[in-house]
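Thanks for coming, everyone. Let's take a look at today's structure together.

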Amino acid sequence: MPEGKLAGKVAIVTGASSGIGVALARAYAAAEAPGSLTLALFARRQAALDEVAHEIVTAYGHKVVCYAGDVRHSSDLQRAATTFLERFGPVSYTHLRAHE
């Protein structure tokens, strides 16, 4: 991803606690200038999300919000979307990577 494409934007990554989801969150963070990106991370495991968020904030200074929930439950998705929108406004990019 070219540097600057996400600068000043909000990106949501689901499945962000492991595997491809966490790799994508890290790649987005590494591709942008420090502190220029807002990441909204969603996955089932809060502790793992918190670790990923801490890593990204510490290494790159980006804003990160985490929401633990299950993409199979529409109520979890609705609460997460509301949380993300209230904190950051419109979402610019989404990457949906969740699995069983």
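One term before we start. A residue is buried when its relative accessible area is under 20%, and exposed when that area is over 50%. Also keep in mind that this is a predicted model.

Now, the overall layout. The protein has 3 helices and 4 strands. Along the sequence they follow the pattern β-α-β-α-β-α-β. The C-alpha trace spans about 35 × 25 × 20 Å along its principal axes. How does the radius of gyration fit a compact globule? For 100 residues, such a globule would have a value near 13 Å, and the protein has 12 Å, so the two agree.

What share of the residues is buried? It is 41% of the 100 residues. The accessible surface comes to about 5,400 Å². Carbon and sulfur atoms account for 54% of that surface. Then the contacts. Take those between residues at least 6 apart in sequence: 72% of them join residues at least 24 apart.

Let's zoom in on helix 2. This helix runs over residues 46-60, which makes 15 residues. From first C-alpha to last it reaches 21 Å, close to the 21 Å expected at 1.5 Å a residue. Which of its residues are buried? They are Ala48, Leu49, Val52, Ala53 and Ile56. Seen down the axis of helix 2, the buried residues fall within an arc of 135 degrees, so they line one face of the helix. What does that face pack against? Helix 1 (19-31), strand 2 (38-43) and strand 3 (63-68). Now turn to the other side of helix 2. There, Ala47, Glu51, His54 and Thr58 are exposed. After the helix comes Gly61, with a positive phi near 75 degrees.

Last stop: the aromatic rings. A pair of rings is described by the distance of the centres and the angle of the planes. The count here is 1 aromatic pair. The partners are Phe42 and Tyr67, with ring centres 5.9 Å apart and planes at 5 degrees. Planes under 30 degrees apart count as stacked, so this pair is stacked. Where do the partners sit? Phe42 lies in strand 2 and Tyr67 in strand 3, so the pair ties together parts that are 25 residues apart in sequence. Are these two residues buried or exposed? Phe42 counts as buried, because its relative accessibility is 2%. Tyr67 is buried too, with a relative accessible area of 16%.

Terms used: Residues are numbered from 1 along each chain as its sequence is written. This is a predicted model: local features need pLDDT of at least 70, side-chain atom pairs count only at pLDDT 80 or more; totals for chains, interfaces and linings use all residues. Side-chain values use heavy atoms; hydrogens and water are left out. Helices (H or I, at least four residues) and strands (E, at least two) are DSSP runs, numbered from the N terminus. The expected span of a helix is 1.5 Å times one less than its number of residues. Buried means under 20% relative accessible area, exposed over 50%, partly exposed in between (1.4 Å probe, protein chains only). The arc is that of the directions from the helix axis to the C-beta atoms. Contact means heavy atoms within 4.5 Å. The radius of gyration is taken over C-alpha atoms; the globule rule is 2.2 Å times the number of residues to the power 0.38. Accessible areas come from the Shrake-Rupley method with a 1.4 Å probe; for residues, only the protein chains shown count as cover. Rings of Phe, Tyr and Trp (its six-membered ring) pair if their centres lie within 6.5 Å; planes under 30 degrees apart count as stacked, over 60 as edge-to-face and the rest as tilted.
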